[in-house]
Amino acid sequence: MMNFVTRLLSRGEPIITEARVGDAAAIAAIHAASFQRGWGDDEFRQLIGERAVVTHRAVLGHKLIGFIMSRVTAGEAEILSVAIGPSWRGRGFARPLLDLHLRRLAGLGARTVFLEVAEHNTPAARLYRRAGFYEVGRRPGYYDGGATALTLRRDLG
Ligand SMILES: CC(C)(COP(=O)(O)OP(=O)(O)OC[C@H]1O[C@@H](n2cnc3c(N)ncnc32)[C@H](O)[C@@H]1OP(=O)(O)O)[C@@H](O)C(=O)NCCC(=O)NCCS
């Protein structure tokens, strides 16, 4: 019965809304499952509470399955982190999350958005390229383990 209810609630598209401080633990769990070096609940609590930080969450049924977070300063935004929980990847959920987030950043006055992505992170690279990001720099050895970071930029109209 529970499985049936969970499946029913989990169908369809996630609902994307602004995250609250109370989402910090769920966001930290997705982050920890997605990156080698996780950030703690407290770190997320602090970031979400920062005035200059914009965080969106994707909720499917009652479950927070993804998030995206940026800092906006003086007309420029930097995407700090984005992740979809491992079991929910590959279903196109990141795209509407990123699109809505970019619209919000534009609404807050950001004219350009930057981010760093590991060179061989194909899903992320495809997501960003499709959303209009282009490469403006490379940082060899930027990540633990020596991977190159690509700096990507997107101009907001
Ligand atoms: C990057 C991430 C957010 C994408 O989320 P998602 O909901 O799975 O993304 P989508 O399903 O929309 O797929 C994005 C693109 O990657 C492609 N893709 C998905 N999984 C893939 C895989 N395993 N290998 C290659 N390409 C893949 C999709 O086909 C899509 O490309 P397309 O639009 O050209 O067809 C997710 O993979 C993630 O959380 N990764 C770990 C955290 C991370 O790397 N974040 C980015 C750091 S900068």
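Trainee: Which element gives the largest share of the shell around the ligand?

Mentor: This is a predicted model, where local features need pLDDT of at least 70, side-chain atom pairs count only at pLDDT 80 or more, and totals for chains, interfaces and linings use all residues. Residues are numbered from 1 along each chain as its sequence is written. Strand S4 (76-84), helix H4 (94-107) and helix H5 (122-130) each supply at least two shell residues (helices are DSSP runs of H or I, at least four residues, and strands of E, at least two, numbered from the N terminus). The largest share, six residues, comes from H5.

Trainee: And how many residues surround the ligand?

Mentor: Being near means a C-beta atom, placed from the backbone, within 6 Å. Ala-83, Arg-89, Ala-94, Pro-123 and Arg-126 are the closest, and the total is 19 residues.

Trainee: Why do the buried residues of H2 line one face of the helix?

Mentor: They are Ala-24, Ile-27, Ile-30 and His-31. Take the directions from the helix axis to the C-beta atoms: seen down the axis of H2, the buried residues line one face because they fall within an arc of 130 degrees.

Notes
A residue is buried if 20 or more other C-beta atoms lie within 10 Å of its own, exposed if 12 or fewer, and partly exposed in between; C-beta atoms are placed from the backbone.
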